[in-house]
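Open the model in your viewer and keep the selection panel at hand. We will go stop by stop.

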Amino acid sequence: MLERIKKLNLLEKARELVRKPVFLIGTGLLFLLLFSAAGYGVWTTQQPPPQPIQFNHSVHVGLGVQCLYCHPGAWRQASAGLPTSGKCWGCHQQMANTKPEQQKLVEYVNSSEPIPWVPVFIQPDFVYFNHRPHIAGGVNCETCHGEISRLTVAEPIAGQNMGWCLDCHRTTAGDDEEKLIRLTDCSTCHR
Amino acid sequence: MAESKIPVFSAKWSEEEKGKWGLVVDQDLCTGCQACVTACAMENNIPFVGEEDAAYGRAMHWIRLERFWEGEYPQVKATPFQAVMCQQCGSAPCEPVCPVFASVHSQNEQLNIQVYNRCVGTRYCANNCPYVARTFNWRDYDRPEPLNNQLNPDVTVRRRGIMEKCTFCVQRIRKTEDAAKSEGRDVYDGEVEPACVQACPAEALVFGRIDDPESAVSKRMQSGRAVKLLEELGTQPRVTYLKGGD
């Protein structure tokens, strides 16, 4: 009997504690903290990586520079490549280079050190993407990379996954059975 | 009874399927130098498992050299060296048993492809392989500096719990096909060479298209010495052995 009363007392006390506004606000805050932490975690994966130079894509594309001028690898090999300081200097040596970001380029050229660009559009290690057949097949850069001409620093695009690749491969193949087999074969991208 | 929801395995191979890529191993020319084994390990990022794991039978090789003793001691005779790799069966026993479709038939290259990112490591395929051609990653074998620099960037580095096997160096096949396409021509005979074929000093291994009757492989397959391993199982192996010895 006594034990039962003790138990009831404990239950009563727990109920009182739950009803206290401090407890309610505390749990609310805890959940808010957890959700915001998770949200921040997801947000960080969607951010463009920090680059050594805040390269402005829109200005360069606006001046009429082709994508393949600075990323010529896409034309003939798997990797599109990132420009060396020598390539930048080809045009920039004829300029004043007064802006702070241009000054960074001058420093890299003067110290003859490579610019440590950080690749933005990366795929997992088990995916073997090749630019060449895509360019040869008439796919435009912006089909996969988005409107880079409107961006300053290149930003990744969410959802570049296998389903996204295969959607395009299936549409491209159309009714051509042989092409469909070639474009949806596992060994085309994974090896 | 309700209809089963399990998808029916339906590979599209048929008895008439000739296959695309094939390999011929001439046992009379093979000296057992193990150059193919080494070249394969280098090309395909196969880890060295070490003494202890090898003793447990966990040694990893995509190609191995077999040799048997025939007869009773002391009248024993060694059989000629036999390089055994994945036979790239046209009707592969490893394929229908995979629960996650990691072991699939490449319709394009007519090869058995292991999709590492799908594999969950049930090892059913290895148990079903009559040639014991598959190896399993029992651990994440580390590659201390500077060994990591020898990794081939064209091949996935497999992690623990993944089944792997000979792919006929599909990365080289794809690369050559891509190069040929960019030059607007077909892949010519002998242009694709897997690492083992390239390394063989005796030219005991020959690789090429078996659906082309004029290729070096097809011509060698016409030899009277030609046999296929465990052909009676109906696996339709793509590797032909030119019987040696005697």
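Domain bounds here come from an automatic or database domain assignment. This is a predicted model, in which local features need pLDDT of at least 70, side-chain atom pairs count only at pLDDT 80 or more, and totals for chains, interfaces and linings use all residues. Residues are numbered from 1 along each chain as its sequence is written, chains are lettered from A in the order in which they are written, and side-chain values use heavy atoms, without hydrogens and water.

**Stop 1: chain A.** Select 2-45 for domain 1, then 57-189 for domain 2. The centres of these two domains of chain A, taken over C-alpha atoms, lie 50 Å apart.

**Stop 2: the interface.** Show chains A and B together. Contact means heavy atoms within 4.5 Å. By that rule, 15 residues of chain A meet 21 residues of chain B. About 1500 Å² is buried between the chains, with 54% of it on carbon and sulfur atoms. Buried area is the accessible area (1.4 Å probe) that two parts lose on being put together, summed over both.

**Stop 3: the salt bridge.** Which residue of chain A pairs with B:Asp178? Select A:Arg132: its closest N and O atoms to B:Asp178 are 2.8 Å apart. A salt bridge needs a side-chain nitrogen of Lys or Arg within 4 Å of a carboxyl oxygen of Asp or Glu. Between chain B and chain A the count is 1.

**Stop 4: the chain B side.** Select strand S6 (103-106) and helix H4 (170-182) of chain B; these elements each give two or more residues to the side touching chain A. Helices (H or I, at least four residues) and strands (E, at least two) are DSSP runs, numbered from the N terminus. H4(B) gives the most, with 6 residues.
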